[in-house]
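Let's walk through this one together, from a single pair of residues out to the way the chains meet. Have the viewer open and follow along.

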There are 2 protein chains.
Amino acid sequence: MATLRGALVVGQSGGPTAVINNSLVGVIEQSLLEEQITAVYGSLRGIQGVLQDRLVDLGRESPQTLSGLRRTPGAALGTVRYKLQEEDYERVVEVMRAHGVRFFCYIGGNDSMDTAYRVDAVARRTGYELRCIGVPKTVDNDLAGTDHCPGYGSAARFVALAARDTGWDTESMGLSSPVKVIEIMGRNAGWLTAAAALARKETGDPPHLIYVPERPVDDATVVAEVGDVVAAREHCVVALSEGAVPDTGMGEVDAFGHQMKGGAAEHLERILSEQLGLKVRVDKPNYLQRSFSTCISEVDANEAYMVGQSAVRLAVDGKSGVMVTLVRVAQDPYQCETGTVPLEQIANAERLLPDVYLSEQGNDVTAAFLDYARPLIGPPPPPLARLARFAVPPLV
Amino acid sequence: MATLRGALVVGQSGGPTAVINNSLVGVIEQSLLEEQITAVYGSLRGIQGVLQDRLVDLGRESPQTLSGLRRTPGAALGTVRYKLQEEDYERVVEVMRAHGVRFFCYIGGNDSMDTAYRVDAVARRTGYELRCIGVPKTVDNDLAGTDHCPGYGSAARFVALAARDTGWDTESMGLSSPVKVIEIMGRNAGWLTAAAALARKETGDPPHLIYVPERPVDDATVVAEVGDVVAAREHCVVALSEGAVPDTGMGEVDAFGHQMKGGAAEHLERILSEQLGLKVRVDKPNYLQRSFSTCISEVDANEAYMVGQSAVRLAVDGKSGVMVTLVRVAQDPYQCETGTVPLEQIANAERLLPDVYLSEQGNDVTAAFLDYARPLIGPPPPPLARLARFAVPPLV
């Protein structure tokens, strides 16, 4: 095989993560090391940048910028939710050809892997040698073929700390507002919601109930389970996936024809306050979960960088049509290496929480899940403290 | 004046902050140093603990517990939203007397200062010498008589970082979902929402619009202002106080007689998507603002400790019926000392954002606000980075 030389294009696609720019920097810095790579271009707003021939020269960015990007949320190249049409793909390859692009790294989730797969296929069909590598990212952790997804660890760290801290706040409020529902991203997969358990230290630590889409719950079960926890502990913290409640009454319209807003958390708020007569408080951190850079997991940031680097090395080594994966090679101490999986096995596939990670009742995670996820969130957060509360004998 | 000797009781009341336990530890550690203080008792669930004669001996807690409490959110003694009845006050003084309590430190907001004021008054009336000191806390920063309130700086740090990071995430999404509304605590006072501006570095950094209760906005203004920002920048980040929208349609009921949920953010989501045809995303971190311990401001934690210490010294020195205040004695470098203000001037008063901190249009803060608030959130967070985006000349 003759050595292929040419430019590399990198793009970012789908919802950003707190560490998606680590993968970008990994691609850039590795590209600058490779003799076969003559230039490293960024495609603005995902594949749309190629389609519109809007590329930027990433090789000219300063080292300060690259190092700053490693703690910067959002997608530095801009992202997009545009689905390429059939006729777009030939245009994509035409633009690549015009710029002498021979290497294409696409950072994204399921849909983006589908795009990379199709670009690869069209290039092959038209006889243009273009090496296409997928770089995984998603806070949902739902990509198949990889131990976990870059982006998940940092979002999981945020969720774990958020559930812990809002839970301790709720505990201290007692029966004056005893129920807290924290709604967590995940319409189909409960990986991120499960992470709410990661900062527990002792029995009774929040969250007390975890509801995920893999085990949808009905109203009667929620009411009974929350009621039991409040009876036992005078408070209850629920970690709730967006998709854990099958029917939230969305789609109803009000008298003005406005769609009634409110998802899973508002639904629980309603049924619990109506049926248990308890004050229910809701936290919806939403996009903070995928962007809150103060909670970037070092492990996650380093792995995101590593999959970016690896994508470039794979492309230079002649691979195409694959996504970089993370392969756990040791658990204690935790260690991951990179691997590959064919893009066509990833595109549009979705990995859900396996049974072994969910308790029998379906309202909690297992020790196996904690072992799986704990290394991904980085160093354990400093422990909180509870008063021993040495009672003073009452006198009057 | 004869030296007064006896036990000290401390309680926590109202909504917790991320640093309310720093004040508790300040009270405990200072009490242990004072010869006049024979024991330091905690009242469980605010003043209710005294009323029910449920006290704990805080002098027996370990140094490890005390140091851990300094990073622990929630109120370690439990808190309460119970308003004492007239007949309760004499019982409170009776229990204090039975336990030989001569010093009372109450950590809380406006309502709690009212409680401390009344306990002081009843003790005086019944001729029992009891020195009552208020210790301020509130993320709302709305207590009169003090430069700022312990608890505000940490909540402000969280809000500043959240608005920045979710804003950068939004920017990178572009027109596919260009509007982000982050709803921030504050029904009457906009201090915390104003803090969303504290992590801005350059023109164009989020948030682009700040709406506070001191300048309530109508629908037409919001629609026009958000439309203008999106036209100029392809995205718009709005920091919105809970109380900035006078009429959110709350109180309407749906067909089933359920109250329609949704406050200020949902209202903006609805009018902006309907009238501008833009995708609007909402973040509601709610109770994370007052509990997220990863964002504790060192300045805030130290000041919270300091007001606790100071309360004890004041009580020992013969003061009663006052709240500890923070007095800014230098701006550069920032320095605060403690002072006092009579409790009756605080109880039920409320300090709003002054005009000088709000822009003429009322949708942003001024440099004067930034100068005021910036020192309170602790060291500046590490800066983010933007690509320079050196354009590659288009070819096809």
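Start with Ile133(A), whose bridge partner in β10(A) is Val322(A). That pair belongs to a parallel pairing between strand β5 (residues 131-136) of chain A and strand β10 (residues 322-331) of chain A, which share 2 bridges. As for terms, strands here are DSSP runs of E with at least two residues, helices are runs of H or I with at least four residues, and both are numbered from the N terminus. Two strands pair if DSSP finds at least two bridges between them.

A quick word on what you're looking at: this is a predicted model, where local features need pLDDT of at least 70 and side-chain atom pairs count only at pLDDT 80 or more, while totals for chains, interfaces and linings use all residues. Residues are numbered from 1 along each chain as its sequence is written, and chains are lettered from A and ligands numbered from 1 in the order in which they are written.

Now follow β10(A) onward. A hairpin of 2 residues links β10(A) to β11(A), and the antiparallel pairing of β10(A) with strand β11 (residues 334-342) of chain A runs to 9 bridges. Gln331(A) has Tyr334(A) as its bridge partner in β11(A).

Elsewhere in chain A there's an open sheet of 4 strands with parallel pairing, in the order β7-β8-β6-β9. β7 (209-211) and β9 (280-283) of chain A are the edge strands, each pairing on one side only. On average, neighbouring strands in this sheet are turned by 20° against each other, direction ignored. (Axes are lines fitted to C-alpha atoms, for helices over the stretch in contact, and angles run from 0 to 180 degrees between N-to-C directions.) Strand β6 (residues 179-184) of chain A runs parallel to β9(A), joined by 4 bridges, and Ile182(A) stands opposite Asp283(A) in β9(A). Lying across β6, β7 and β8 (236-241) of chain A is helix α8 (residues 219-233) of chain A, at about 150° to β8(A).

Zoom out a bit. Between them, 21 residues of domain 1 of chain A are in contact with 20 residues of domain 2 of chain A, where contact puts the C-beta atoms, placed from the backbone, within 7 Å.

What about the second chain?

The contact between the chains takes 75 residues from chain B and 75 residues from chain A. On the chain B side, α6(B) gives the most, with 9 residues. By class, that side of chain B has 35 nonpolar, 17 polar and 23 charged residues. (Ala, Val, Leu, Ile, Met, Phe, Trp, Tyr, Cys and Pro count as nonpolar, Asp, Glu, Lys and Arg as charged, and the others, Gly among them, as polar.) Since 100% of the interface residues of chain B are also interface residues in chain A, the copies meet through the same surface. Strand pairing crosses between the chains too: strand β12 (residues 391-392) of chain A runs antiparallel to β3(B), with 2 bridges, and Ala391(A) has Val56(B) as its bridge partner there.

How values were computed:
Contact = placed C-beta atoms within 7 Å.
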